[in-house]
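Take a look at the model below and let's walk through two of its features. We'll begin with a pair of helices and then turn to a pocket.

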Amino acid sequence: MTAGTIAPRRTMVRRLFAMQKTWNAKPGEIERHWYVVDAEGKTLGRLATRIADTLRGKGKPQYTPHVDTGDFVVVVNAEKITVTGKKLDDKMYYKHSGYPGGLRERTLREQLDRQPTEVLRKAVKGMLPRNKLGRAQLLKLKVYAGPEHPHEAQGPKPLPLENGNG
């Protein structure tokens, strides 16, 4: 070998490492969109899964697990969401006051009458990470019981759902 030439083996190793570079999203580079979803007649779990994926940004090519790359989601008509089977009477929601004997429980039917927005919010919350990132992603979810919402200025687009059932 003459001076100035590189052995063929070393050249091949360099080419292999130069081919693949991992790209990570940075918080300032993320473009956020606003989506609106009409929950009337949609199934609770299927809709919550789609919303959770959108809040995390899983549908974007820039998705990075440790960075909040998701979009904003506005849900209207949360009081008209449906469930299958006997879940209206069998599914329970629990809360505890912190005192002995302070456990309270409500059925899904009672929860929809009292706090219809919390049903969907809690379903989505259970599908997000349990850390600071998940709490930040949940703040991008806006749920309203009726058909009106105050986010028209952001120009939300309809969220594309895979099938008609949500």
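In this predicted model, helix H2 (residues 44–56) packs against H5 at an angle of about 60°, and their axes are 9 Å apart. What does that angle make the two helices to each other: parallel, perpendicular or oblique? Angles of 65 to 115 degrees would count as roughly perpendicular and those under 35 degrees as roughly parallel, so H2 and H5 come out as oblique to each other. Their crossing is right-handed.

So who's touching whom? On the H2 side you'll find Leu44, Leu47, Ala48, Ile51, Ala52 and Leu55, and they meet Val119, Leu120, Ala123 and Val124 in H5. By class, this contact has 10 nonpolar residues, with no polar and no charged ones.

H5 turns up again at the largest pocket, where H5 (116–125), strand S3 (92–96) and strand S4 (103–107) each supply at least two lining residues. The space in this pocket comes to about 180 Å³. Its lining is made up of Tyr93, Tyr94, Lys95, Arg104, Glu105, Arg106, Gln111, Gln115, Glu118 and Lys122.

Here's how the two places look by class:

Terms used
Residues are numbered from 1 along each chain as its sequence is written. This is a predicted model: local features need pLDDT of at least 70, side-chain atom pairs count only at pLDDT 80 or more; totals for chains, interfaces and linings use all residues. Side-chain values use heavy atoms; hydrogens and water are left out. On a 1 Å grid over the protein atoms alone, a cavity is a set of points where a 1.4 Å probe fits but cannot get out, and a pocket is an open set with protein on both sides within 12 Å along at least five of seven lines; lining residues have an atom within 4 Å of a point. Grid points are joined across faces, edges and corners, and a volume is the space filled by probe spheres set on the points. Helices (H or I, at least four residues) and strands (E, at least two) are DSSP runs, numbered from the N terminus. Axes are lines fitted to C-alpha atoms, for helices over the stretch in contact, and angles run from 0 to 180 degrees between N-to-C directions. Angles under 35 degrees count as roughly parallel, over 145 as roughly antiparallel, 65 to 115 as roughly perpendicular and the rest as oblique. A crossing is left-handed if the near helix is turned anticlockwise from the far one by less than a right angle, and right-handed if clockwise. Contact means heavy atoms within 4.5 Å. Ala, Val, Leu, Ile, Met, Phe, Trp, Tyr, Cys and Pro count as nonpolar, Asp, Glu, Lys and Arg as charged, and the others, Gly among them, as polar.
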